Amino acid sequence: MSVRKTVVFDLGYVLVDLDWSRAVNRLSGVTAIPREEIIPRVVADPILEAYETGRAPTEAFLNGVRELLQVTLSRDELADIWTGVFVRNPIMETLFQETAIRTNVAILSDTNPLHWNYLRSLIPVVRKTERAVVSHELGSRKPSLRNYQEVAARCEAQPADCLFLDDKDENVIGAQLAGMSAFRFTTPDEARRRIDRFLSES
């Protein structure tokens with residue numbers, strides 16, 4: 001096994017789960033926007049991409065969400081709702097730790113300052129990870145070739161020596177086009193099998 005082999009994990013729906021109903025439940029009581037439109041309205045607006053690529057500061061993002069959802073929540077109230085969607089996944093945290101004992105591990109995620117800082121405070125393996133490429137610091141999101149090249153460079157590895165796990169097909173394809181091995185994450189058991197197979201290859 002090459003010491004330069006690296007297993008790269010996505011964050012959302014891989015290392016940590018998300019329950020957007022938590023945010024919807026809280027927001028539906030303070031906005032006239034239909035429940036089913038609350039999250040899609042934020043996701044589709046350019047303010048989210050700007051925030052996740054470092055082109056908009058947190059205050060501009062929160063102000064944009066206030067306008068989109070027509071709410072008068074305070075900065076702290078809205079930030080608490082935005083970060084309150086995460087659900088820890090102990091099985092994947094353990095797999096990450098076990099993989100880190102065997103080889104290099106890294107995180108590659110499309111995220112934003114509020115989510116990233118919250119996850120670092122919530123999950124020890126995220127906080128302790130030395131190799132992390134996050135979109136709001138890099139200035140681009142997956143499946144941009146730049147993201148995959150950057151995480152490989154930070155790990156001092158060639159893309160061919162990297163295995164990437166992500167929940168979205170387009171991001172898996174992007175990693176493969178960058179020269180990485182990659183697969184769409186479905187279950188921890190399948191992830192473990194894929195990682196074992198990758199690390200056993202010469």
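Predicted model: local features only at pLDDT ≥ 70, side-chain atom pairs only at ≥ 80, totals over all residues.
Figure 1. The largest share, 3 residues, comes from α6. By class, the lining of the second largest pocket comprises 4 nonpolar, 2 polar and 3 charged residues. Its volume is about 170 Å³.

**Figure 2. The largest pocket, with a volume of about 670 Å³.** The lining is made up of 30 residues, and Leu 48, Glu 52, Asp 110, Arg 141 and Lys 168 are the closest to the pocket centre. At least two lining residues are supplied by each of β2 (16-18), α2, α3, α7 and α11 (169-177). With 4 residues, α3 provides the largest share of the lining of the largest pocket. Charged residues number 11 in this lining, alongside 13 nonpolar and 6 polar residues.

**Figure 3. The largest cavity and its nonpolar lining.** A search of the whole structure for cavities of 30 Å³ or more finds 1. The volume of the largest cavity is about 90 Å³. Its lining consists of 13 residues, and those that lie nearest the centre are Leu 27, Val 65, Leu 78, Ile 81 and Trp 82. Four helices, α1 (21-27), α2 (35-44), α4 (58-69) and α5 (75-83), each contribute at least two residues to the lining of the largest cavity. The largest share, 4 residues, belongs to α4. The lining of the largest cavity has 13 nonpolar residues, with no polar and no charged residues.

**Figure 4. Buried residues of α5 and the elements that cover them.** Within α5, the buried residues are Leu 78, Ala 79, Ile 81, Trp 82 and Thr 83. Of these buried residues, Leu 78, Ile 81 and Trp 82 are also among the residues that lie nearest the centre of the largest cavity. The cover over the buried residues of α5 includes the helices α1, α2, α3 (46-52), α4 and α7 (113-122), together with the strand β3 (86-88).

**Figure 5. Cys 155 and Cys 162, neither in a disulfide.** The count of disulfides in the model is 0. For Cys 155, the nearest cysteine sulfur is that of Cys 162, 6.1 Å away. Cys 155 counts as buried, at 5% relative accessibility. Cys 162 is likewise buried, with a relative accessible area of 0%.

Note on methods:
Residues numbered from 1 in each chain as written. Heavy atoms only, no water. 1 Å grid on protein atoms, 1.4 Å probe; cavity = no way out; pocket = protein on both sides within 12 Å on 5 of 7 lines; lining within 4 Å. Points joined across faces, edges and corners; volume = space filled by probe spheres on them. Nonpolar A, V, L, I, M, F, W, Y, C, P; charged D, E, K, R; others polar. Buried < 20%, exposed > 50% of the residue type's maximum accessible area, 1.4 Å probe, protein only. Contact = heavy atoms within 4.5 Å. Disulfide = S-S within 2.5 Å.
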